[in-house]
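Take a look at it first, and then we'll walk through some of its features.

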Amino acid sequence: MVTIKQIAQQLHISPSTVSIVLSGKGAARKISQETQKRIYDTAAAMGYQPNIAARSLRGGVGADELQVAMFWAQDFRAGMMVRFWDGVCQALEEQRRPIRLVIYPYINDHLREMRALTSASDCHAAIVCNASYADLQFLEDTRPAIPVVLYNRTCPGYCSVNVDDAKMGALAARALTDQGCTSAVILTGPPVFEGMEVRVQGFALEGGRHGMAMPATHYCENSIHGGYEAVRRRLAAGWREALPDGIFCGSSSIAHGVIRALWESGLPRENWPRLVAVGNGAEDQDKAAVPSLSVVTLPMEQMAGECLRLLLDLMAGEAAPPESRMLEVHYIPRESCGPFRPEAETEG
């Protein structure tokens, strides 16, 4: 096992400096960012892992129980955390070793302020969810002293669990074109990570391949209220007379707002645009909507379980960065759009 002393010898600095940085106290002790980065990078390259037994002697996390931190952003995705939690809990039941999962809410762009991630004394390993562009840059610049797996993000030097975002957009476009849609608009929240933009690009490319016109991408608050207000305003501004054939929503929440706005408009149901969304919300809510919501599902529970399994493999030396595990996405037809040809699932 690599020790702090060996890292210090490699860098020709004192073991106490290495220990301070790896415990997350480098900034407080005025150690330069350059030195901190050298220490984190060298520790990661040498395969350093904190000594759990030693922590127990200091009154930290017990040696017999593995404590895993789950970092989840406090934004529009807060409601999705239940699905992720369910997936992790199912995976925990597969494990023989006692594992405690601790949730650390954080504000997007401020992951660097989370001591539990930068310190090696609060937890043994971490799953980081919903990291923003700024958060990913922080992770790339500053290697945590504990093993980390990223949920639905990629970053140099890190393991991750992902889906094919381009395929998500393409499946939504294919569902609409198979129902005869010749024009569609995209309604989504401001992009907070690259995957949101890739979904839009995938939708546009696949729709274009099938001759579907896409006059615009509209951005709104990523919520039911955001989708409702976006459509209500556009109906009042003349959309009623020139509705697109289809709408692709960046989230289930936006789509539920769209359905409400269309219902309030008084438009006959047969005149509504066909609707497909990224299925990142609760499945029972999508099923219960009127009309029920067609989605390209984000397999959040399965991804959560795979994050935990990958993290344990990483700690056991059975996986190494930057391993990425990709899970499949599928189109689920419901009343808001309907089915498409089975072979569309396997194309592109």
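Predicted model: local features only at pLDDT ≥ 70, side-chain atom pairs only at ≥ 80, totals over all residues.

Is R199 buried or exposed? R199 has a relative accessible area of 6%, and the cut-off for buried is under 20%, so R199 counts as buried. Which residues does R199 touch, once its neighbours within four places in sequence are left aside? The contacts are N152, D165, M168, G169, F193, F248, V278 and L298.

A search of the whole structure comes back with 4 cavities of 30 Å³ or more. The largest cavity holds about 170 Å³ of space. It is lined by 17 residues, and R199 is among the closest to its centre, together with R77, M80, F193 and N280. F193 is also one of the contacts of R199. Sorted by class, the lining of the largest cavity has 8 nonpolar, 6 polar and 3 charged residues.

## The largest pocket

Now for the pockets. The largest pocket has a volume of about 430 Å³. Of its 17 lining residues, A44, Y48, P147, L314 and P321 are the closest to the centre. Which helix gives the largest share of this lining? That's helix α3 (residues 33-46), which supplies 3 residues. The class count for the lining of the largest pocket is 13 nonpolar, 3 polar and 1 charged.

## A covered strand

Next up is strand β3, which spans residues 125-129. Why can we call β3 largely enclosed by the rest of the structure? Because 5 of its 5 residues are buried. You can see it face by face: A125, I127 and C129 sit on one side, A126 and V128 on the other, and all of them are buried, so both faces are covered.

β3 also has strand partners. Strand β1 (residues 66-73) pairs with β3 in the parallel sense, over 4 bridges, and V68 stands opposite A125 there. Strand β4 (residues 148-151) runs parallel to β3 as well, joined to it by 4 bridges. On that side, A126 has V148 in β4 as its bridge partner. How does the chain get from β3 to β4? It crosses through helix α7 (residues 133-141), and this β-α-β crossover is right-handed.

A few spots have backbone angles worth a second look. Most residues other than glycine have a negative phi, and most peptide bonds are trans.

| Where | Feature | Value |
|---|---|---|
| V290 and P291 | cis peptide bond | omega about 0° |
| P321 and P322 | cis peptide bond | omega about 5° |
| H12 | positive phi | near 60° |
| D109 | positive phi | about 80° |

Where do these sit along the chain? P291 is in the loop between α12 (283-288) and β10 (294-297), while P322 is in the loop between α13 (300-315) and β11 (324-327). P321, joined to P322 by the cis bond, is also one of the residues closest to the centre of the largest pocket.

H12 belongs to the loop between α1 (4-11) and α2 (15-22). With 72% relative accessibility, H12 counts as exposed. D109 is found in the loop between β2 (99-106) and α6 (115-118), and its 44% relative accessibility makes it partly exposed.

Last stop: V21, which has its place in helix α2. Its relative accessible area is 0%, so V21 is buried. Neighbours within four places in sequence aside, V21 is in contact with G26, I31, Q36, I39, Y40 and T118.

How far apart in space are V21 and A175? From C-alpha to C-alpha, the distance is 51 Å, and the two residues are 154 residues apart in sequence.

How values were computed:
Residues numbered from 1 in each chain as written. Heavy atoms only, no water. 1 Å grid on protein atoms, 1.4 Å probe; cavity = no way out; pocket = protein on both sides within 12 Å on 5 of 7 lines; lining within 4 Å. Points joined across faces, edges and corners; volume = space filled by probe spheres on them. Helix = DSSP H or I, 4+ residues; strand = E, 2+ residues; numbered from the N terminus. Nonpolar A, V, L, I, M, F, W, Y, C, P; charged D, E, K, R; others polar. Buried < 20%, exposed > 50% of the residue type's maximum accessible area, 1.4 Å probe, protein only. Contact = heavy atoms within 4.5 Å. Pairing = 2+ DSSP bridges. Right-handed = clockwise from strand over helix to strand, strands pointing away.
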